[in-house]
Amino acid sequence: MKIEDYELLLKLNEIGTIRGTAKAVLISQPAVTQRLKYIEEYFSQPIFIRTSKSLVLTPAGEMILDHAKEVIVHEQGIKNSLARSSEEVQGTLSIACSSLVSQRFLPSILAEYTKKYPKVAIDLVTGISEGIKKNHKNYHVCIIRGEKLKESISTKLFEDPLYIFDTEPFPEDKIKERPLISFKSDDSMHEQVDNWLYHHQDQIKPLKMLRVDQIETCKQFMKEGLGMAVLPKSVSDSMMDDYANIPMNLNGERVTRDTWVCYQDGTRKLPQVDHFITALLNQKFQ
């Protein structure tokens, strides 16, 4: 059995279908089926029951999955120990990163990092900060937006002021009534916007809500005149001169989305992790 076989079992259990797993691991569906058949023959036990909707673990499969988790943890522990004992920076660096940061800032940071430390294997997951927080202990480093992780060491990377944009001007003498476009984000972002709108009811009244999946889609909808959009400065600074906008202030202070780097105590003893966190802290984000 290879470590990749154990990882495949965990991925099959996580996703629940052979088709979905094949898409996630970027190999063909027949190859996944054949690999699962080999693993079940190796253990002489069926691991999953194939139903019309999903894969269901058998009692033997539950035991094998527990074993797979232990094997992967042990394997990662050995790699980390070797990385600590080696003069050359190597090993695996697992990162979970907010989608916005991963799109705008992370590519250049990782490009520079991998040039300096080519033997480090990067394991990267991107997504909404709320989801990352739930599984933060699975990663060496988490880069999240909104509230920091209280149970981790958290350092603020930058503050990102929020603005509300529109193709139409913001009048000073009457209430602005327009649709409001929002993009998929964690609850804290929506709470910030709702709180700001509540305290500015005499200025802005959203007629309806248009919800889209990504921030870029939100920007394009706004540019086409479909409504207002609340956007962070980091992705909208080039739009300041072209579209009507107002900064979101509340009680005399800017409303911002803070970005944090978070990690567990002791993680920086791993050289590959320490060098990456140092690179983040030295980065100029604004």
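The largest nonpolar core in this predicted model has 27 residues. A nonpolar core here is a set of buried Ala, Val, Leu, Ile, Met, Phe, Trp, Tyr and Cys residues joined through side-chain atoms within 4.5 Å. Buried means under 20% relative accessible area, with a 1.4 Å probe and protein chains only. Ile164, Val230 and Leu231 have the most contacts inside this core. The elements giving it two or more residues are strand 6 (153-166), strand 7, helix 8 (187-198), strand 8 (204-212), helix 9 (215-223) and strand 9 (228-232). Helices (H or I, at least four residues) and strands (E, at least two) are DSSP runs, numbered from the N terminus. Another core, of 24 residues, lies apart from it; Ile95, Cys97, Val120 and Val261 are among them.

Residues are numbered from 1 along each chain as its sequence is written. Local features need pLDDT of at least 70 and side-chain atom pairs pLDDT 80 or more, while totals for chains, interfaces and linings use all residues, and side-chain values use heavy atoms, without hydrogens or water.

Now look at Ile164. Contact means heavy atoms within 4.5 Å. Not counting residues up to four places away in sequence, Ile164 touches Phe170, Leu180, Trp196 and Val230, among others.

Ser182 sits in strand 7 (residues 176-183). Is Ser182 buried or exposed? Its relative accessibility is 11%, so Ser182 counts as buried. Beyond four places in sequence, Ser182 touches Met209, Leu210, Arg211, Val212 and Cys218. Leu210 is 28 residues from Ser182 in sequence, yet their C-alpha atoms are 6.2 Å apart.

Next, two helix pairs. Helix 6 (residues 106-116) packs against helix 10 (residues 271-282) at about 135°, with axes 11 Å apart. Axes are lines fitted to C-alpha atoms, for helices over the stretch in contact, and angles run from 0 to 180 degrees between N-to-C directions. The two helices, helix 6 and helix 10, are therefore oblique. Under 35 degrees counts as roughly parallel, over 145 as roughly antiparallel, 65 to 115 as roughly perpendicular and the rest as oblique. Helix 6 supplies Leu106, Ile109, Leu110 and Tyr113 to the contact; helix 10 supplies Gln272, His275, Phe276 and Leu280.

Helix 1 (residues 3-15) and helix 3 (residues 29-43) cross at roughly 110°, and their axes come within 11 Å. That makes helix 1 roughly perpendicular to helix 3. On helix 1, the contact is made by Asp5, Tyr6, Leu8, Leu9 and Leu12. On helix 3, the residues include Val32, Arg35 and Phe43.

Methods: Buried means under 20% relative accessible area, exposed over 50%, partly exposed in between (1.4 Å probe, protein chains only).
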